[in-house]
Amino acid sequence: MIAYAAGETANTQIRNMGTVVGNICNAAPSADNASMLLVLGAEAVLASEKGERILALEKFFKGPGVTARRPDEMVTAIRVPPPLPGSGTSYQHISARGKVDIPAAAVGAMLVMDGDKCREARIALAAVAPVPMRAIETETLLKGKKITASLVEKAGRKASTEARPISDLRASADYRKRMIAVLTGRAVMEAMEKAGKGTRGGGKGL
């Protein structure tokens, strides 16, 4: 999923000049890489003359264009732990002009399945709040339950209520909320399917 989300960032020319770390340090609420790194439990490695510190990505984002990086620090790496056994992931996003535009809404999902029951769930939203964010209530709704069409629909609605979007030239707040419900449902279903097949990654952009 990391490769897929990175491949959805901007266009070929920009991807050839930029990096995943740069995309994260830019701290755009809509960053393609942010939601999938959040669900994977990624950490930022920050270094300065004083030494090195590790910060969970959830604590790295502070606001649009603002991070927890200190003036004397630079991010030298993004660390991603090994995938959990039985896990599957998905990245879903929508934008008006495809890869040449930033997402109007995006969802990353990671599910750990035990048969048809969800043992662990992580859902992250982008472009619908001041920072990329975990949808904690949606995760709680999914954990420990059998994944059914009804539950997936409820998860989409719950994620929509957790989103705090604004209206701008790319989409209205109402449209973003509606799309978060749709994208969350798709992400949960694909992550469950990937977990069942023993594969990880994938997604779809609209």
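Modeller: Before we start, a word on terms: helices (H or I, at least four residues) and strands (E, at least two) are DSSP runs, numbered from the N terminus. Please keep in mind that this is a predicted model.

Biologist: Thanks! Which strand holds Arg 134?

Modeller: A strand needs at least two residues. Residues 133–134 form such a run, and Arg 134 is found there, in strand 9.

Biologist: Is Arg 134 buried or exposed?

Modeller: The cut-off for buried is under 20% relative accessible area. Arg 134 has a relative accessible area of 18%, so Arg 134 is buried.

Biologist: Which side chains make polar contacts with Arg 134?

Modeller: Two glutamates come up here. Another, of 2.6 Å, links the side chain of Arg 134 to that of Glu 139.

Biologist: What span does helix 7 reach from its first C-alpha to its last?

Modeller: Helix 7 has 14 residues, and at 1.5 Å a residue 20 Å is expected. The model comes close to that, with a span of 20 Å.

Biologist: How many bridges join strand 8 to strand 9, and which residue is the partner of Leu 125?

Modeller: Strand 8 and strand 9 run antiparallel, with 2 bridges between them. Within strand 9, the residue bridged to Leu 125 is Met 133.

Biologist: Which residue takes a positive phi in the hairpin of strand 7 and strand 8?

Modeller: Strand 7 and strand 8 pair in the antiparallel sense over 9 bridges, and Gly 108 stands opposite Ala 124 in strand 8. Their hairpin has 2 residues between the strands. The residue with a positive phi, near 70 degrees, is Gly 115.

Biologist: One last thing: how are the rings of Phe 60 and Phe 61 arranged, stacked or edge-to-face?

Modeller: The structure holds 1 aromatic pair. The ring centres of Phe 60 and Phe 61 lie 5.8 Å apart, and both residues are buried. Planes over 60 degrees apart count as edge-to-face. The planes here are at 75 degrees, so the pair is edge-to-face.

Definitions and conventions. Residues are numbered from 1 along each chain as its sequence is written. This is a predicted model: local features need pLDDT of at least 70, side-chain atom pairs count only at pLDDT 80 or more; totals for chains, interfaces and linings use all residues. Side-chain values use heavy atoms; hydrogens and water are left out. Buried means under 20% relative accessible area, exposed over 50%, partly exposed in between (1.4 Å probe, protein chains only). A polar contact is a pair of N or O atoms within 3.5 Å; within protein, one must be able to donate a hydrogen and the other to accept it, and residues adjacent in sequence count only if both atoms are side-chain atoms. The expected span of a helix is 1.5 Å times one less than its number of residues. Rings of Phe, Tyr and Trp (its six-membered ring) pair if their centres lie within 6.5 Å; planes under 30 degrees apart count as stacked, over 60 as edge-to-face and the rest as tilted. Two strands pair if DSSP finds at least two bridges between them.
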